[in-house]
Amino acid sequence: MADMTQTTPGWLAPDELEMTRARMPILYVDAVPVRVDDSGEVTHVGLLLRIGPDGAVSRALVSGRVLHHERVRDALLRHLEKDLGPVALPRIPASLQPFTVAEYFPTQGITPYHDPRQHAVSLAYVVPVAGDCMPRQDALDLVWFTPQEASSPQLQAEMPGGQGFLLKQALAHVGCAS
């Protein structure tokens with residue numbers, strides 16, 4: 001059998017990723033897309049509508065792995081473009097200070113964040129988006145909510161793995177906590 005050449009740097013084969021996930025934390029980025037008015041106040045929060053592997057429909061933030069030898073800024077842009085489309089026009093903050101660090105565990109209850117596949121550490125950002133968003137990849141839709149709608153317990157309950165808690169933290173960070 002011929003050796004397969006990896007053509008995309010930074011990606012692991014599925015079995016290599018599974019083995020790595022079982023042994024070490026994986027670095028992720030989470031992005032909360034927002035619309036802002038002229039004074040910089042958040043007017044809307046964008047949440048993706050997805051169908052999970054189990055067939056359940058849920059809401060989600062933009063999220064994904066940081067590749068080996070990839071800058072965090074580049075990972076944010078890559079995942080925002082992948083989920084929101086090429087003309088979303090995200091404005092990545094000049095300072096890459098996250099509003100929080102979310103630590104996902106495969107065991108529930110250690111933190112508010114849970115990922116049954118792995119131990120993951122995610123740097124979380126609020127990212128203003130100025131362009132037209134057209135969800136891609138595994139996202140069915142992108143729905144814009146007012147900060148008041150986004151802070152409802154019902155909406156946050158539709159977000160698996162603690163992302164509802166992360167959304168609540170993002171809203172507090174931008175002064176939209178209820």
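Which residues lie nearest the centre of the largest pocket? They are R50, P53, D115, R117 and P160, out of 30 residues that line this pocket.

Before I go on, two notes on the model. It is predicted, so local features need pLDDT of at least 70 and side-chain atom pairs count only at pLDDT 80 or more, while totals for chains, interfaces and linings use all residues. Residues are numbered from 1 along each chain as its sequence is written, and side-chain values use heavy atoms, with hydrogens and water left out.

Let's stay with the pocket. On a 1 Å grid over the protein atoms alone, a pocket is an open set of points where a 1.4 Å probe fits, with protein on both sides within 12 Å along at least five of seven lines. A lining residue has an atom within 4 Å of a point. The largest pocket holds about 970 Å³ of space. That volume is the space filled by probe spheres set on the points, and grid points are joined across faces, edges and corners.

Which elements give two or more residues to the lining of the largest pocket? They are β2 (42-51), β3, β4 (62-65) and α2 (72-84). A word on those names: helices (H or I, at least four residues) and strands (E, at least two) are DSSP runs, numbered from the N terminus.

The lining divides into 11 nonpolar, nine polar and 10 charged residues. Here Ala, Val, Leu, Ile, Met, Phe, Trp, Tyr, Cys and Pro count as nonpolar. Asp, Glu, Lys and Arg count as charged, and the others, Gly among them, as polar.

Now to the charged pairs. Side chains of opposite charge can pair when their charged atoms come close. A salt bridge here is a side-chain nitrogen of Lys or Arg within 4 Å of a carboxyl oxygen of Asp or Glu. How many salt bridges does a search of the whole structure find? It finds six.

Take D83 and R50. Their closest N and O atoms are 2.8 Å apart. This pair links distant parts of the chain: D83 sits in helix α2 and R50 in strand β2, 33 residues apart. Both D83 and R50 are buried. Buried means under 20% relative accessible area, exposed means over 50%, and partly exposed is in between (1.4 Å probe, protein chains only). There is also a network of salt bridges, which links R50, K82 and D83.

Next, R59 and E158. Their side chains meet in a salt bridge at 2.8 Å, N to O. This pair links distant parts of the chain as well, with R59 in strand β3 and E158 in the loop between α4 (153-157) and α5 (163-173), 99 residues apart. R59 is buried, because its relative accessible area is 14%. E158 is at 36%, so it counts as partly exposed.

Then D115 and R117, two names from the pocket centre. Their side chains meet in a salt bridge at 2.7 Å, N to O. Is D115 buried or exposed? D115 is buried, because its relative accessible area is 10%. R117 counts as partly exposed, because its relative accessibility is 46%.

On to the backbone. Most residues other than glycine have a negative phi. H69 is not a glycine, yet has a positive phi of about 70°. H69 is in the loop between β4 and α2. Its relative accessibility is 78%, so H69 counts as exposed. L89 also has a positive phi, near 55°. L89 lies in the loop between α2 and β5 (100-104). At 51% relative accessibility, L89 counts as exposed.

What about the surface? I51, V57 and L140 form a nonpolar patch there, with about 280 Å² of accessible area together. Patches are made of residues with over 30% relative accessible area and no salt bridge; like charges are joined within 9 Å, and nonpolar side chains (Val, Leu, Ile, Met, Phe, Trp, Tyr) within 5 Å. Accessible areas come from the Shrake-Rupley method with a 1.4 Å probe; for residues, only the protein chains shown count as cover. V57 lies in strand β3 (residues 57-60). V57 is exposed, because its relative accessible area is 53%.

D30 is in strand β1 (residues 26-36), and V62 is in strand β4. D30 and V62 are 32 residues apart in sequence and 5.7 Å apart in space, C-alpha to C-alpha. D30 counts as buried, because its relative accessibility is 1%. V62 is at 3%, so V62 counts as buried too.
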